[in-house]
Number of protein chains: 2
Amino acid sequence: MSKQMILEKQQQAVEILNEKNIDMWLTFVRETGNIKDPMMDMIVGTGATWHSAFIITKTGETIAIIGSLEEANMKTVGTFKKIIPYLKSVKQDLIKTLEEFDPEKIAINYSRNSSLADGLTHGVYLELIDILEETPYKFRLISSEDIVAALRGRKSQTEVDLIKKAIDETLIIFDKVTGFLAPGKSEKDVAEFVRNIVREKGFEFAWDEEHCPAVFTGPDTAGAHSGPTDRKIQRGHVINMDFGIKYNGYCSDLQRTWYVLREGEETPPEEVLKGFNVIKESIQMAAAAIKPGKAGWEIDKIARDYIVENGYDEYPHGLGHQVGRVAHDGGALLGPRWERYGNLPYIPIEAGNVFTIEPRLTIPGYGIATIEEIVWVKDDGVEFLSPPQTEIYLIK
Amino acid sequence: MSKQMILEKQQQAVEILNEKNIDMWLTFVRETGNIKDPMMDMIVGTGATWHSAFIITKTGETIAIIGSLEEANMKTVGTFKKIIPYLKSVKQDLIKTLEEFDPEKIAINYSRNSSLADGLTHGVYLELIDILEETPYKFRLISSEDIVAALRGRKSQTEVDLIKKAIDETLIIFDKVTGFLAPGKSEKDVAEFVRNIVREKGFEFAWDEEHCPAVFTGPDTAGAHSGPTDRKIQRGHVINMDFGIKYNGYCSDLQRTWYVLREGEETPPEEVLKGFNVIKESIQMAAAAIKPGKAGWEIDKIARDYIVENGYDEYPHGLGHQVGRVAHDGGALLGPRWERYGNLPYIPIEAGNVFTIEPRLTIPGYGIATIEEIVWVKDDGVEFLSPPQTEIYLIK
């Protein structure tokens, strides 16, 4: 992320702190080379070896308290106005800085709901509590999840442009896959074909390369979140692929569905067309219902109910998540009210959010139909950032 | 990491659990695509989206409790004997599994001392405590830091071979740098030269690309942990470079020092030679003192004292860290007894540990002299995995 974009995001964070009346946001980390708080890329732009405090205040101050050996680097990166280097322990400078601002509320990065607001490890949390032991600040810590959800969720025009660019490049690759798919090729063959293009073009993978892309062919396939296997494409298979790239720091995440025509077939069987169309329609219905202020579970329910009403099992996951610098971004989720999703399906959708919509259903005897589109929430509804798939792609 | 190596590490973990009399090791995670417990690569070999429990018992059982959508992937990865998929919440299956084994001690990944044993985020920790609320297991949780330190620190022959291979490839690149260095080139030019070789060869960077390599020229340079600048190499500069690659999953981390001869000079000035030699000698003295059972601070003190006795400032960091799948690996550290290093300098050194030795000193008016070697601890002392730099490299 460029220095310019980080400074923009810091400025946005200051606005959010004021809106939510939180005095200070403290990102406290160590050894980010081993485990990195997901907010570091967005508001700091470099790593830290020793215990380090990155502070943004409601008044617009930005302060980095870091190991002295990293002072020069922090100056070069240039994203924090004030840099306080320490030699032996972060404690004194951190307490002194807190005393100077005397914040009533200090947001730190822990959250039961959102992994992106949960970059503070438990050991480092214990260290922080110990540092603050004899100060009043120990009792003023709150979760940063509201800040993080707003900051990551409200995409700027620059961010949306970058996501759109990643989507465009991804759809070019999907088109190439349509030309590559053929009976006898394995899921692994398809994945390798895609990965080679990604490498040639110098893109990154939007998620773990082992299942990016994920490729699923036929009725016996795993269907989701699984690496490609030696299973071979056969005539009469429904194929789907889940794939995204990271390009200039922003991710795409899309799915498309194909059908491999059997000898003598000109069009797919009724059951296949019906399954595909139910998915396609459920996406349009869900997208039409998205408005700022709605809860994600309400949107999920529209697609879920429609699929079940048409005689299919409900999908075993949420309808959609936010996309941004990571494939699973943001706070608010278009998900059902299941325990595993915590409060995410209840967080109000906001203008500027970018969501996937990705229902799924099984077409018995053929395979799994999925389409994943990406939409951008505006004041009065959504704009599709991906041109939606309207017909099942046919392989002859 | 290959399935074979993961199974070997799991077997080693079982031995360590028995040695330390810990009944169960629970790695509890979610959304590893956003923030990943550093132990996942070593003992699981894939990621997890929803709350997931990866359990290794003293009796040698391995159990993965994961979101149902990831069951097929987990089977393909094949590193856990028992897979328990869940749909809506991990709670019931986790409690049931704990009741089945009824462990007295359950190690979880949090640690104030070691970032590698601190992959449990605070929010996920709170979730775990909530899940265990009405069970006795809530009171049986301990830190996994002893397990992690032993498991990461005791390298197998296979692991040492891979580190050695990464070192060999890195030293080839250092040799190329010697041919490239010349007055007028900037730190950034040198870094770009190195990064291009890394990309051509298909290696990964051992740490953040922005300061891998780190290049420092002359008396006014930052000296460490900082990205390369536009500062230009001049005659009379001491140059050092800190650089490592990741190759087949294992890292190198090395430093070398050069001197740029001035017009008419055949050899470096006395001060430069003295500075270089003090570094070189301090490494040999420290290396000679390393034995299983010693504490890291005792080793650090030998090099630190020698440098100070020779009239230089002490280095503002530890003498050396472990190297392995990450550049900063292991538990035990060759570091001073400073608060920021927690208990790491006190952990006994063990056979199988692989350490860097990397003292530093400033040669006033010339630059910073550093050498970083890598040694492998054996029962009776160390073996150098990197052929030590014995003379300062000269640039004409």
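Two residues are taken to be in contact if their C-beta atoms, placed from the backbone, lie within 7 Å. In this predicted model, B:I65 touches B:S52, B:A53, B:I84, B:Y86, B:V90, B:D93, B:L94 and B:T97, with residues up to four places away in sequence left out of the list.

**Nonpolar cores**

B:I65 also belongs to the largest nonpolar core, which has 121 residues; together with B:W25, B:L26, B:I147 and B:V375, B:I65 touches the most other members. Helix α9 of chain B, residues 270-289, gives the most to this core, contributing seven residues. Because domain 1 (3-152) and domain 2 (154-395) of chain B both supply residues, the core lies between them. In soluble globular proteins, nonpolar side chains tend to be buried together.

**A six-stranded sheet in chain B**

In chain B, six strands form an open sheet of mixed pairing, in the order β4-β3-β2-β1-β5-β6. Strands β4 and β6 of chain B stand at the edges and have a single partner strand each, so one side of each is left without a neighbour in the sheet. On average, neighbouring strands of this sheet are turned by 25° against each other, direction ignored.

| Strand (chain B) | Residues |
|---|---|
| β1 | 24-29 |
| β2 | 52-57 |
| β4 | 82-86 |
| β6 | 141-143 |

Strands β1 and β2 of chain B run antiparallel and are joined by six bridges. B:L26 has B:I55 in β2(B) as its bridge partner, and B:L26 is also among the core residues that touch the most other members.

Terms used
Residues are numbered from 1 along each chain as its sequence is written. Chains are lettered from A and ligands numbered from 1 in the order in which they are written. This is a predicted model: local features need pLDDT of at least 70, side-chain atom pairs count only at pLDDT 80 or more; totals for chains, interfaces and linings use all residues. A nonpolar core is a set of buried Ala, Val, Leu, Ile, Met, Phe, Trp, Tyr and Cys residues joined through C-beta atoms within 7 Å. A residue is buried if 20 or more other C-beta atoms lie within 10 Å of its own, exposed if 12 or fewer, and partly exposed in between; C-beta atoms are placed from the backbone. Helices (H or I, at least four residues) and strands (E, at least two) are DSSP runs, numbered from the N terminus. Domain bounds come from an automatic or database domain assignment. Two strands pair if DSSP finds at least two bridges between them. Axes are lines fitted to C-alpha atoms, for helices over the stretch in contact, and angles run from 0 to 180 degrees between N-to-C directions.
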